[in-house]
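Please consult the sequence and the structure while reading.

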Amino acid sequence: MRTHRIALIPGDGIGGEVVPAAVRVLDRVAGRHGFALDHTAFDWSCERWTRTGRMMPADGLEQLAAFDSIFLGAVGHPDVADHVSLWGLLIPIRRTFQQYVNLRPVRLLRGLMSPLRDVGPDDIDFCVVRENNEGEYSEIGGRLYEGTDQEMAVQESIFTRRGVDRVMRYAFELARTRRGHVTSATKSNGIIHTMPFWDERFAAAAPAFPDVHTEQFHIDILAAHFVQRPGQFDVVVASNLFGDILSDLGPAVVGGLGVAAGGNINPERTHPSMFEPVHGSAPDIAGQGVANPIAAMWTASMMLEHLGEHEAAATVMTAVETVTADGTTLTPDLGGTASTDELTGAVLATLD
Ligand SMILES: NC(=O)c1ccc[n+]([C@@H]2O[C@H](COP(=O)([O-])OP(=O)(O)OC[C@H]3O[C@@H](n4cnc5c(N)ncnc54)[C@H](O)[C@@H]3O)[C@@H](O)[C@H]2O)c1
């Protein structure tokens with residue numbers, strides 16, 4: 001039997017609630033489609049940082065390298081500075097494993113209400129392709145004259161030709177498998193070095209994909225378009241910061257973070273990819289058993305796609321959408337009263 005080795009990192013807060021829910025669905029679907037998932041759980045989290053001073057052990061990345069995929073819930077705790085969890089776990093994994101694509105699908109699932117008027121399930125279906133290894137999220141910079149009235153902070157953005165070209169290529173190739181349309185998020189009017197460079201590399205990538213239609217917008221008007229006419233988008237390629245923001249805004253127009261899935265992808269498959277819902281650890285609802293597990297389940301479906309289990313991936317989404325279309329077992333973020341367990345049970349019931 002085909003077996004895929006999965007590293008599970010539930011993390012903090014609702015990560016520990018939605019990951020087990022998604023794993024129940026994954027295991028059920030694996031059984032139905034004739035493969036097995038061999039999962040190993042790691043307690044890497046802010047809770048661990050508080051105990052040991054490290055988010056993960058010194059050889060954490062070596063341990064992960066042996067797996068076919070990584071499935072992460074969320075990290076973050078109100079008592080731990082957010083840059084600790086980000087730079088102590090997520091960013092080292094994304095960078096060491098060259099997960100340079102952060103893929104975030106935005107689709108209105110059947111039965112769910114968009115906060116936008118007159119928008120139905122077929123009207124919104126696009127993907128944000130966020131550059132995930134460089135850009136605005138760099139460690140280069142520093143502070144000078146700290147604590148004085150001359151204090152200053154410098155933060156450098158890093159845009160390399162290799163880094164930009166490879167994420168552009170991924171976006172164009174993805175568009176070819178969809179509706180053949182790529183939109184680039186830019187800000188080359190205000191950011192006068194890196195963003196004109198981004199635009200140049202977008203223009204340089206396009207001729208290799210003559211069948212793909214291209215357009216670009218400055219990030220400010222693009223944010224407005226996400227709200228006013230989200231149906232026009234197919235694949236949106238963006239730098240690390242712009243992509244981060246767009247991929248929260250996108251899900252907001254289709255039901256919120258509870259249904260926002262994501263993958264940190266190493267397209268060349270030289271390292272494991274890491275799949276994680278867009279949402280964080282949601283301390284405001286953690287421990288209440290009401291977190292929406294759909295984002296984690298959709299993320300699990302993306303992982304199955306990446307592992308080549310296409311039919312199983314589709315089965316997960318059909319099951320989730322059967323439950324959303326039915327509408328009687330939804331969590332509070334979607335206007336329902338169901339618990340995480342009840343929604344998970346409803347999804348599992350469609351798989352019986
Ligand atoms: N990838 C990650 O691990 C990740 C991503 C974002 C934030 N964080 C961390 O998470 C912590 C909280 O951050 P935040 O509050 O900005 O973002 P968040 O995504 O945790 O929560 C934002 C809001 O959305 C709600 N929400 C999120 N996921 C939900 C779900 N599955 N079901 C129902 N409601 C849900 C929360 O209750 C909250 O009101 C911080 O420490 C932050 O650094 C981690």
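In this predicted model, helices α7 and α8 pack at an angle of about 15°, and their axes lie 10 Å apart. Angles under 35 degrees count as roughly parallel, and α7 and α8 are therefore roughly parallel to each other. Their crossing is right-handed. On the side of α7, the residues involved are Ile219, Leu222, Ala223, Phe226 and Val227, which meet Phe242, Leu246, Leu249 and Gly250 in α8. Sorted by class, this contact of α7 with α8 comprises eight nonpolar residues, one polar residue and no charged residue.

Two further helix pairs involve α10. The axes of α9 and α10 come within 7 Å and cross at roughly 160°. Angles over 145 degrees count as roughly antiparallel, and α9 and α10 are therefore roughly antiparallel to each other. In this pair, α9 passes α10 in a left-handed crossing. The contact is formed by Ile294, Met297, Trp298, Ser301, Leu304 and Glu305 of α9, together with His310, Ala312, Ala313, Val316, Met317, Val320 and Thr324 of α10. The contact of α9 with α10 has nine nonpolar, three polar and one charged residues.

Helix α10 (residues 310-326) also meets helix α11 (residues 340-350); their axes come within 9 Å and cross at roughly 120°. That angle makes α10 oblique to α11. Here α10 passes α11 in a right-handed crossing. Ala319, Val320, Thr322 and Val323 of α10 make the contact with Leu343, Ala346, Val347 and Thr350 of α11. The residues of this contact divide into six nonpolar, two polar and no charged.

| Helix pair | Angle between axes | Axis separation | Crossing |
|---|---|---|---|
| α7 and α8 | about 15° | 10 Å | right-handed |
| α9 and α10 | roughly 160° | within 7 Å | left-handed |
| α10 and α11 | roughly 120° | within 9 Å | right-handed |

The report now turns to the strands. Strands of a sheet pair through backbone hydrogen bonds, either parallel or antiparallel. In this model, an open sheet of 10 strands has the order β2-β1-β3-β12-β11-β4-β5-β10-β8-β9, and its pairing is mixed. The edge strands are β2 (35-41) and β9 (213-218), each of which pairs on one side only. From one strand to the next, the twist averages 25°.

One pairing may be followed in detail. Strand β1 (residues 2-11) and strand β3 (residues 69-74) pair in the parallel sense over five bridges. Within this pairing, Gly11 has Ala74 of β3 as its bridge partner.

Helices also pack on the sheet. Helix α7 (residues 219-228) touches β5 (125-131), β8 (181-186), β9 and β10 (235-238), and its direction makes about 110° with that of β9. Helix α9 (residues 294-306) lies across β1, β2, β3, β4 (101-107), β11 (263-265) and β12 (273-275). The direction of α9 runs at about 170° to β3.

How many salt bridges does a search of the whole structure find? The search finds 17 salt bridges. One of them joins Arg104 with Asp244, whose closest N and O atoms are 3.7 Å apart. This pair links distant parts of the chain, since Arg104 belongs to strand β4 and Asp244 to helix α8 (residues 240-252), 140 residues apart.

Methods. Residues are numbered from 1 along each chain as its sequence is written. This is a predicted model: local features need pLDDT of at least 70, side-chain atom pairs count only at pLDDT 80 or more; totals for chains, interfaces and linings use all residues. Side-chain values use heavy atoms; hydrogens and water are left out. Two strands pair if DSSP finds at least two bridges between them. Helices (H or I, at least four residues) and strands (E, at least two) are DSSP runs, numbered from the N terminus. Axes are lines fitted to C-alpha atoms, for helices over the stretch in contact, and angles run from 0 to 180 degrees between N-to-C directions. Contact means heavy atoms within 4.5 Å. Angles under 35 degrees count as roughly parallel, over 145 as roughly antiparallel, 65 to 115 as roughly perpendicular and the rest as oblique. A crossing is left-handed if the near helix is turned anticlockwise from the far one by less than a right angle, and right-handed if clockwise. Ala, Val, Leu, Ile, Met, Phe, Trp, Tyr, Cys and Pro count as nonpolar, Asp, Glu, Lys and Arg as charged, and the others, Gly among them, as polar. A salt bridge is a side-chain nitrogen of Lys or Arg within 4 Å of a carboxyl oxygen of Asp or Glu.
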